[in-house]
Amino acid sequence: MSDDDHHPELLLLHETGGEIEGRGKYHKLIDRYRREPGETDVDTILKERGPFDEGLSRTIKRYIDMGIVKVDEEGQSRDVEETEKGERYVSGFERTKSYLDDSFQSTRDRVRKVASEYGSKSMNELVQEPDVQEDKQRSLGTRLPGDTDSGEQE
């Protein structure tokens, strides 16, 4: 399974009501997805405010270019919002992927779990999660494992 093929970033945006308040929160939701049991190739690195997905900005830029998301660049929050075209795209994408790719259900289930448990929390609340606080004890710039099933030793 490849997260590139399943677009968990886009699915998370869709499942949280089509809007995520600030890129920081978006990074924390992607981190929650990474922590869910199962295979993932989400690559995060430790920054000052916790785990940070280095590819998220490129991914959002690609979605903006496609016209399926828009961002509010006012202030520092840089909110991300699904467009009407994006809503239609995700709906068709989910139907097609569910039909053609058996592994997609696992990704969709993980995304839905993260959205329902963490989607309404603020970025600050997400940063205060015990596992994020534990990660923050590591050196800045530390790469965090993407595959939570791998049993990697720390």
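In the predicted model, Ser 139 is exposed, with a relative accessible area of 54%, a value over the 50% cut-off. Ser 139 belongs to the loop that connects α8 (130–135) to β6. Although Ser 139 and Glu 48 are separated by 91 residues in sequence, their C-alpha atoms are 9.7 Å apart in space.

Two bridges join β2 (residues 44–47) to β6 in the antiparallel sense, and Thr 44 is placed opposite Leu 144 of β6. The charged end of Lys 47 sits over the ring of Phe 52, at 5.2 Å from the ring centre. A second contact of this kind involves Arg 32, whose charged end sits over the ring of Tyr 118, 4.6 Å from its centre.

The largest nonpolar core contains 23 residues, of which Leu 12, Tyr 26, Leu 29 and Val 69 touch the most other members. At least two residues of this core come from each of α2 (8–15), α3 (23–35), α4 (56–66), α5 (84–100) and α6 (104–118). Beyond its neighbours within four places in sequence, Val 69 is in contact with Leu 10, Leu 13, Ile 60, Tyr 63, Ile 64, Val 80, Glu 81, Glu 82 and Thr 83.

Buried positions in α5 are Gly 86, Val 90, Gly 92, Phe 93, Glu 94 and Lys 97.

Two aromatic pairs were identified. Tyr 89 and Phe 93 are stacked, with 6.1 Å between centres and 10° between the planes. These two residues are four apart in helix α5 and therefore separated by about one helical turn. An α-helix has 3.6 residues a turn, so residues three or four places apart point the same way. Tyr 89 is partly exposed, at 31% relative accessible area, whereas Phe 93 counts as buried because its relative accessibility is 12%, under the 20% limit. Phe 93 also forms an edge-to-face pair with Phe 104, at 5.7 Å centre to centre and 90° between the planes. Because Phe 93 lies in helix α5 and Phe 104 in helix α6, this pair ties together parts that are eleven residues apart in sequence. Phe 104 is buried, with a relative accessible area of 0%. Through these ring pairs, Tyr 89, Phe 93 and Phe 104 are linked into a cluster.

Terms used: Residues numbered from 1 in each chain as written. Predicted model: local features only at pLDDT ≥ 70, side-chain atom pairs only at ≥ 80, totals over all residues. Heavy atoms only, no water. Pairing = 2+ DSSP bridges. Buried < 20%, exposed > 50% of the residue type's maximum accessible area, 1.4 Å probe, protein only. Core = buried A, V, L, I, M, F, W, Y, C linked by side-chain atoms within 4.5 Å. Contact = heavy atoms within 4.5 Å. Phe/Tyr/Trp six-rings, centres within 6.5 Å; stacked < 30°, edge-to-face > 60°. Lys NZ or Arg CZ within 6 Å of the ring centre and 35° of its normal.
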